[in-house]
Amino acid sequence: MPITVNGRAVSPPADARVSLLDFLREDLGQSGAKKGCNQGACGACTVLLDGERILACLTLAVQCEGRHVTTIEGIGQPGALHPLQQAFVDHDGFQCGYCTPGQICSAIGMAAELRRGVPSHVTGDLVTDVIALSDDELRERMSGNLCRCGAYNGMVAAIEEIFGEAKA
Ligand code: FES
Ligand code: FES
């Protein structure tokens, strides 16, 4: 069964051991998702699977058969940036930029989780339908995406600008 990657149906790899990250980068040329740790610790490989954020290094490509994968290339392109990409630029939310694709995919997935009322470790109200994007929620929910340059303040400002309408 094909995998839909950024709107294009592709055949899964013949080798069932291939990670989604390697499949995207090496077979499909979608190099936006980065290989940082390759063991689930840094978040640089974060992509969206049917709108949910996942770590592509810990996902087998064949697990995505019949599903939709969105990488940073499918979120925006030069000249047609996603508003969050533009906000990262406006707020200097990156330095080397290596972690940026994962940060942006993760933030988009996080916003969807908030809208669905998915609680985090710091959520106080567990019965609300929509969780506000407080500073604690933002930092807790983005804590799986590391940036060794320490551009966190700009990232927080960018994410708040775009998804902060539900801010407490
Ligand atoms: S490369 Fe996947 S979490 Fe680090
Ligand atoms: S901007 Fe360099 S690792 Fe994040």
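This is a predicted model: local features need pLDDT of at least 70, side-chain atom pairs count only at pLDDT 80 or more; totals for chains, interfaces and linings use all residues.
1. Helix H3 covers residues 83-90 and helix H4 covers residues 100-115; their axes come within 10 Å and cross at roughly 130°. H3 and H4 are therefore oblique to each other. The handedness of this crossing is right-handed.

2. Which residues make the contact of H3 with H4? On the H3 side they are Leu84, Gln85 and Phe88, and on the H4 side Thr100, Gln103, Ile104, Ala107 and Ile108. Sorted by class, 5 of these residues are nonpolar and 3 are polar, with no charged residues.

3. H4 also meets helix H6, residues 152-163, where the axes come within 11 Å and cross at roughly 40°. That angle makes H4 oblique to H6. Here too the crossing is described as right-handed.

4. The H4 residues that meet H6 are Gln103, Ala107, Ile108, Met110 and Ala111. Their partners in H6 are Tyr152, Met155, Ile159 and Phe163. This contact has 8 nonpolar residues, 1 polar residue and no charged ones. Gln103, Ala107 and Ile108 are named both in the contact with H3 and in the contact with H6.

5. In a regular strand, side chains alternate between the two faces of the sheet. Are the faces of strand S3, residues 46-49, covered or open? Both are covered: Thr46 and Leu48 lie on one side, Val47 and Leu49 on the other, and all of them are buried.

6. S3 runs antiparallel to S4, and 4 bridges join the two strands. Within this pair, Leu49 stands opposite Glu52 of S4. The two strands form a hairpin with 2 residues between them, and Asp50 in the turn has a positive phi of about 50°.

7. S3 pairs with S5 as well, in the antiparallel sense, over 2 bridges.

8. Thr59 is found in the loop between strand S4 (52-55) and strand S5 (68-70). Is Thr59 buried or exposed? Its relative accessibility is 12%, and buried means under 20%, so Thr59 counts as buried. Leaving aside residues up to four places away in sequence, Thr59 touches Ser19, Leu20, Ile54 and Cys64.

Key:
Residues are numbered from 1 along each chain as its sequence is written. Chains are lettered from A and ligands numbered from 1 in the order in which they are written. Side-chain values use heavy atoms; hydrogens and water are left out. Axes are lines fitted to C-alpha atoms, for helices over the stretch in contact, and angles run from 0 to 180 degrees between N-to-C directions. Angles under 35 degrees count as roughly parallel, over 145 as roughly antiparallel, 65 to 115 as roughly perpendicular and the rest as oblique. A crossing is left-handed if the near helix is turned anticlockwise from the far one by less than a right angle, and right-handed if clockwise. Contact means heavy atoms within 4.5 Å. Ala, Val, Leu, Ile, Met, Phe, Trp, Tyr, Cys and Pro count as nonpolar, Asp, Glu, Lys and Arg as charged, and the others, Gly among them, as polar. Buried means under 20% relative accessible area, exposed over 50%, partly exposed in between (1.4 Å probe, protein chains only). Two strands pair if DSSP finds at least two bridges between them.
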